[in-house]
Amino acid sequence: MVKLMVADQHPIVTKGLELIYANSRDIKIVQTVADGDAIFDALKQYTTDILICEIDLPKLNGISVLRRIQKEYPDLKVIIYSAQQEEVYAISAIKAGADGYVNKSTDLITLKEAVMKVYLGGIYISPNLSKKIALDKNSGKNTYYKKLSIREVEVLKLLSNGKRNKEIAQELEINEKTVSTYRARLMKKLNVTNLIDLVNQSKSLELQSSI
């Protein structure tokens, strides 16, 4: 039986998944948590095969969670389960260490398929994204999600959500000067000259929180 932990700040998601898998023979939810820090407290108490994790988490965002898990729980598999745009976040999440990315608009059968594939050692992204990546690779197209590094996507999202450089530095555990450097790189890559245009550009890429 696959032992899952679910991290999501919305009770409708955690309680919903608990109800769905309550009588499952294949999947058991061992614990649910509502913020990034709580994941690591729970992992000390519950044996877990796969963490299903939202990107937008209080206290510690999903990408930061992935980085920490890589260091502290390298054998733990992680599926990012989010409403954020797959084209932007799936690639960054996989690069950061995720074993799969499932959009919340996906049906429950697909979610279970993703869980079982990851449990057996595979990596899951949607067939549509796999096809798009292949087409872009063959055509040599340089799409925006390839332009931005994992950290740049992370910084851009936090800027878009109204975080200041100091707050971003604290959340990502880097210094403010480094945040400023990422901000400058983002402006150059997205061809803007000020923060307002940068935020507007991020909206056009659907990087803002779906909350």
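Analyst: Helices α9 and α10 are roughly perpendicular to each other, a term that covers angles of 65 to 115 degrees. Helices here are DSSP runs of H or I with at least four residues, strands are E runs of at least two, and both are numbered from the N terminus. This is a predicted model, in which local features need pLDDT of at least 70 and side-chain atom pairs count only at pLDDT 80 or more, while totals for chains, interfaces and linings use all residues. Residues are numbered from 1 along each chain as its sequence is written, and side-chain values use heavy atoms, with hydrogens and water left out.

User: At what angle do α9 and α10 pack, and how far apart are their axes?

Analyst: Two packed helices are described by the angle between their axes and the distance between the axes. Here α9 and α10 (residues 176–189) pack at about 110°, with axes 8 Å apart. Axes are lines fitted to C-alpha atoms, for helices over the stretch in contact, and angles run from 0 to 180 degrees between N-to-C directions.

User: Which residues make the contact?

Analyst: Asn165, Lys166, Ile168 and Ala169 of α9 meet Glu176, Val179, Ser180 and Arg183 of α10, where contact means heavy atoms within 4.5 Å.

User: How is a sheet read, and what is the strand order here?

Analyst: Strands of a sheet pair through backbone hydrogen bonds, either parallel or antiparallel. Two strands count as paired if DSSP finds at least two bridges between them. This open sheet has five strands in the order β2-β1-β3-β4-β5, with parallel pairing. Its edge strands, β2 (27–33) and β5 (100–103), each pair on one side only. Between β1 (residues 2–7) and β3 (residues 50–53) there are four bridges, and leucine 4 stands opposite isoleucine 50 in β3.

User: Which helix lies across β1, β2, β3, β4 and β5?

Analyst: That helix is α5 (residues 108–119), which runs at about 160° to β4 (77–82).

Technical notes: Parallel < 35°, antiparallel > 145°, perpendicular 65-115°, else oblique.
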